[in-house]
Amino acid sequence: MADTASRSARAETGMQRRSEFIGGAAIGAAAAAGVVAIGIPAFADSASEGDVAVLNALLLVERVLAAYHRQAADTAIASGDLQTYLDRAATHDERHVDELVAALGSDAEAEPTIGFDDTLFASPQAIATAAGDLKDIAIAGYNGHAGSLSAAGIALTSRLVAIDSRHAGWIRTLAGVELVAPQPTDPGIDAREVRSRLHDLGVRIGG
Amino acid sequence: MDQTTSDAAIVAGGMTGTELLQHVDRDGAVQQTMAAAVSRSGFLKTALFGAGALFAALNVPGAIAASNDSPNDTAILNYLLTLERVQAAFFGEAERVAAISGRELQAAKIIGAVERAHVAALLERLGAKAIASPSFDFLGTTEDPEAFIKTAVAFEDLGSVSIAGVLPDIQAPAIRTIVASVHTPEARHAGWIRTLAGVDPAPNAIEGVNTQAETLKLVNGTGFIVSEPLTTATLSPSFTG
């Protein structure tokens with residue numbers, strides 16, 4: 001009897017504490033404190049020489065993501081949850097571009113022309129599939145550079161790739177994929193492989 | 001467990017990483033139950049990828065490289081081990097209790113397998129430096145679908161913001177590569193489980209970050225970590241070691 005009462009009391013305390021846990025973990029304590037709302041401080045114009053090439057490679061990837069999601073969102077092919085996803089992904093990817101450009105400062109490369117094969121917009125399912133594939137390439141691209149970035153560099157990129165990863169889980173669930181995220185790791189690839197995979201998917205990058 | 005001055009590099013809330021982990025196991029009754037849990041669940045047979053495959057994919061010879069890990073990186077890996085253990089235990093228990101069904105149960109199975117692979121990989125990497133595992137009592141949250149999905153969202157969010165918080169502190173490029181490759185699946189899971197829960201999967205353009213102190217305070221505050229196995233659950237199994 002005493003054990004039952006003790007367990008009940010502990011469970012009640014646990015319920016109260018879990019409320020804090022569920023609320024506090026959702027966006028991170030720093031986000032709750034307002035850091036996220038004002039962006040990532042103290043990184044602009046401080047990219048190390050070694051980070052410049054990496055951040056420019058990632059900038060290209062985010063520009064591709066932003067261009068695709070914005071174009072897909074504007075096609076009027078999608079609707080409902082897919083349209084919500086496309087609008088949000090485009091907005092987030094554009095923010096990522098802004099953050100990387102700010103970090104690179106005058107070292108930011110000019111935006112190339114970016115185009116896509118028409119098949120990537122052929123249907124809602126085609127859009128959802130391409131959106132997921134693009135996120136996968138971006139995640140692999142980020143992870144391919146995790147070991148070579150400075151601490152300041154990884155502090156920035158880890159917060160961007162996490163959102164791209166959330167998008168990947170989101171769009172794959174919307175697409176009805178059975179195994180949304182079954183891999184324990186996302187192995188990295190280098191910038192050349194990123195470009196190769198983008199090309200194979202139907203992304204055309206000009207000068 | 002090493003407790004060197006290098007731990008000062010990850011001081012948070014006035015405590016070193018090692019001290020924080022000891023704080024989680026506050027009753028000093030941490031048990032060496034992970035090995036038994038491994039044996040019970042046979043997770044190496046059910047995980048989609050085992051630790052060996054994980055490290056092979058990363059081209060990191062775990063046992064050899066681990067001997068050179070700095071105290072700082074070892075402390076961070078032990079911190080992540082604690083986080084992964086509680087996640088693995090939660091999803092594993094939810095799968096075994098089977099109070100959930102459909103897409104939620106499938107997600108629990110897959111996420112649980114992935115978290116167990118993370119635990120196994122970290123254990124392999126840490127070797128004898130791995131801290132002991134506590135026991136867990138999820139206070140019925142694995143037995144109720146609504147409580148499960150809310151807690152699952154919190155755990156996967158926590159995984160992503162916590163790993164993002166420590167990545168810049170990792171010194172060895174090889175370790176940073178490993179942890180980064182584990183980070184993104186956690187964030188994928190967050191987007192996945194939030195979609196299933198009907199919660200905005202990505203409310204912010206930039207991921208939040210948690211310090212070790214913030215995360216351990218949250219985990220410790222749940223009451224999920226216990227000094228010894230209890231039997232509060234009404235369904236079997238009642239606790240997860």
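This is a predicted model: local features need pLDDT of at least 70, side-chain atom pairs count only at pLDDT 80 or more; totals for chains, interfaces and linings use all residues.

User: Where is Glu143(B) found in chain B?

Analyst: Glu143(B) lies in a loop of chain B, between strand E1 (135-136) and helix H8 (145-166).

User: And what separates the C-alpha atoms of Glu143(B) and Ala75(B)?

Analyst: The distance between those C-alpha atoms is 33 Å, and Glu143(B) and Ala75(B) are 68 residues apart along the chain.

User: Stepping back, how many helices and strands are in chain B?

Analyst: Chain B has 10 helices and two strands. Along the sequence their pattern is α-α-α-α-α-α-α-β-α-α-α-β. Of the 241 residues in chain B, 60% are buried.

User: What share of the contacts in chain B with a separation of 6 or more comes from residues 24 or more positions apart?

Analyst: Such residues account for 81% of those contacts.

User: Which residues touch the most other members in the largest nonpolar core?

Analyst: They are Val64(A), Leu80(B) and Val179(B), in a core of 115 residues.

User: What does Leu80(B) touch, leaving out residues up to four places away in sequence?

Analyst: With those left out, Leu80(B) touches Leu122(B), Ile163(B) and Val179(B).

User: On to helix packing. At what angle do H6 and H7 of chain B pack?

Analyst: Helix H6 (residues 71-97) and helix H7 (residues 102-126) of chain B pack at about 150°, and their axes are 8 Å apart. Angles over 145 degrees count as roughly antiparallel, and H6(B) and H7(B) are therefore roughly antiparallel to each other. The contact of H6(B) with H7(B) involves 11 nonpolar, six polar and seven charged residues.

User: Is the crossing of H6(B) and H7(B) left-handed or right-handed?

Analyst: The crossing of H6(B) and H7(B) is left-handed.

User: Now chain A: how do the axes of H3 and H4 cross?

Analyst: In chain A, the axes of helix H3 (residues 49-73) and helix H4 (residues 80-104) cross at roughly 155° and come within 8 Å. H3(A) is therefore roughly antiparallel to H4(A). Their crossing is left-handed.

User: Which classes of residue make up the contact of H3(A) with H4(A)?

Analyst: The contact of H3(A) with H4(A) has 16 nonpolar residues, together with four polar and six charged ones.

Note on methods. Residues are numbered from 1 along each chain as its sequence is written. Chains are lettered from A and ligands numbered from 1 in the order in which they are written. Helices (H or I, at least four residues) and strands (E, at least two) are DSSP runs, numbered from the N terminus. A residue is buried if 20 or more other C-beta atoms lie within 10 Å of its own, exposed if 12 or fewer, and partly exposed in between; C-beta atoms are placed from the backbone. Two residues are in contact if their C-beta atoms, placed from the backbone, lie within 7 Å. A nonpolar core is a set of buried Ala, Val, Leu, Ile, Met, Phe, Trp, Tyr and Cys residues joined through C-beta atoms within 7 Å. Axes are lines fitted to C-alpha atoms, for helices over the stretch in contact, and angles run from 0 to 180 degrees between N-to-C directions. Angles under 35 degrees count as roughly parallel, over 145 as roughly antiparallel, 65 to 115 as roughly perpendicular and the rest as oblique. A crossing is left-handed if the near helix is turned anticlockwise from the far one by less than a right angle, and right-handed if clockwise. Ala, Val, Leu, Ile, Met, Phe, Trp, Tyr, Cys and Pro count as nonpolar, Asp, Glu, Lys and Arg as charged, and the others, Gly among them, as polar.
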